[in-house]
Amino acid sequence: MTTTFEKTPGWLDWYPDPSTPHFRLPDGAVDAHCHVFGPGAEFPFAPERKYTPCDASKDQLFALRDRLGFSRNVVVQATCHGADNSAMVDALRASGGRARGVATVRPDVTDDELADLHDAGVRGVRFNFVRRLVDVVPQDALRAVVERIAPLGWHVVIYFEAADLADLRDFFLSIPVPLVVDHMGRPDVTKDPTGPEFEAFLDLMRAKPDIWCKVTCPERLSVDGPPALDGERHSYRDVVPFARRVVEEFPDRVLWGTDWPHPNLTDHMPDDGLLVDGIPHIAPTAALQQALLVDNPAGLYWSDTP
Ligand SMILES: O=C(O)/C=C(\CC(=O)C(=O)O)C(=O)O
């Protein structure tokens with residue numbers, strides 16, 4: 001059966017012809033946050049989804065990887081596929097070991113299903129707390145998932161907004177496996193990067209030595225740009241001080257990714273090549289870049305391979 005889906009009104013498709021970055025990525029660089037969507041006719045979107053994206057296939061993701069100069073990807077399950085990880089797993093299996101994944105699983109996932117996910121390259125699960133993306137999942141159910149994945153050596157990726165951190169902090173600190181925070185906990189970048197709100201996020205990282213942070217998604221967080229378009233190689237300047245604080249205090253616990261195909265942007269779609277050109281503004285030295293782009297993601301996702 002061929003299934004077709006109608007995109008959410010106003011949906012912005014990914015940027016079709018990204019520039020070749022001027023910044024040369026170090027050998028072995030990992031795009032540690034990206035997604036695949038469908039294609040919907042092959043991997044239908046989940047009935048409980050809150051948005052319907054354009055298709056963004058594994059082949060298109062791998063073409064972007066090569067265009068930008070990355071070696072590997074971490075493919076993160078997006079909410080539009082719910083807990084059906086087939087599109088993501090298909091991408092991992094097709095990658096020849098060059099992609100690892102983060103899945104969404106329910107507490108009733110079987111041991112065989114977990115073993116299959118691990119075999120495909122999954123190394124973590126994602127808990128999404130962003131209200132526009134998911135219905136609330138009870139913390140007991142999330143704890144039950146953690147018990148199931150802990151023996152596999154997996155971690156938990158958490159996605160939340162800064163305003164919700166105070167309520168979620170104790171729960172996060174009680175999770176007995178490593179955590180990876182998406183998009184710096186989505187700070188309000190109109191506030192002071194040295195002020196109490198972002199300090200609360202840094203305090204979370206200080207409180208648990210195995211919390212990692214993706215210094216990603218400036219295009220989602222920025223208020224006054226300028227956007228990564230039209231040759232702009234120093235884009236989203238209002239986000240840079242936040243990312244730099246994290247990179248400088250926790251150089252061994254940061255990851256970077258494109259967030260391709262950039263779901264749910266409403267203002268503009270960035271040129272991914274220009275996003276890569278933003279990296280030296282948040283990680284200015286070769287040593288910081290090597291940690292951010294190569295050593296940190298390799299340790300978290302490929303520690304079992306030479
Ligand atoms: O790409 C992201 O990380 C961010 C998303 C989408 C998302 O997380 C999901 O659908 O699972 C967002 O803020 O809409």
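1. A salt bridge here means a side-chain nitrogen of Lys or Arg within 4 Å of a carboxyl oxygen of Asp or Glu. E249 and R206 meet this rule, with their closest N and O atoms 2.7 Å apart. The pair ties together parts that are 43 residues apart in sequence, because E249 lies in helix 8 (residues 240-249) and R206 in helix 6 (residues 196-207). Helices (H or I, at least four residues) and strands (E, at least two) are DSSP runs, numbered from the N terminus.

2. On the basis of the note: this is a predicted model, in which local features need pLDDT of at least 70, side-chain atom pairs count only at pLDDT 80 or more, and totals for chains, interfaces and linings use all residues. Residues are numbered from 1 along each chain as its sequence is written, and side-chain values use heavy atoms, with hydrogens and water left out.

3. How exposed are the two partners? E249 is partly exposed, at 35% relative accessible area. R206 is also partly exposed, at 36%. The term covers the range between buried (under 20% relative accessible area) and exposed (over 50%), with a 1.4 Å probe and protein chains only. Both residues belong to a salt-bridge network that links E199, D203, R206, R245 and E249.

4. The salt bridge count is 25. One of them joins R123 and D304, at 2.8 Å from N to O. This pair links distant parts of the chain, 181 residues apart: R123 sits in strand 4 (residues 122-128), D304 in the segment after helix 11 (286-301). R123 is buried, at 10% relative accessible area. D304 is partly exposed, at 46%.

5. R220 and D259 form another salt bridge, with the closest N and O atoms 2.7 Å apart. R220 is in helix 7 (residues 218-221); D259 is in the loop between strand 8 (254-255) and helix 9 (272-276), 39 residues away. Buried or exposed? Both R220 and D259 are buried.

6. Now strand 2 (residues 72-76). Four of its five residues are buried, so the strand is largely enclosed by the rest of the structure. Strand 1 (residues 30-34) runs parallel to strand 2, with three bridges between them. Pairing requires at least two DSSP bridges between two strands. D31 has N73 of strand 2 as its bridge partner. The chain passes from strand 1 through helix 1 (residues 58-68) to strand 2 in a right-handed β-α-β crossover. Right-handed means that, with the strands pointing away from the viewer, the path from the first strand over the helix to the second runs clockwise.

7. Strand 3 (residues 99-103) is parallel to strand 2, and four bridges join them. N73 pairs here with A99 of strand 3. Strand 2, helix 2 (residues 86-94) and strand 3 form a right-handed β-α-β unit.
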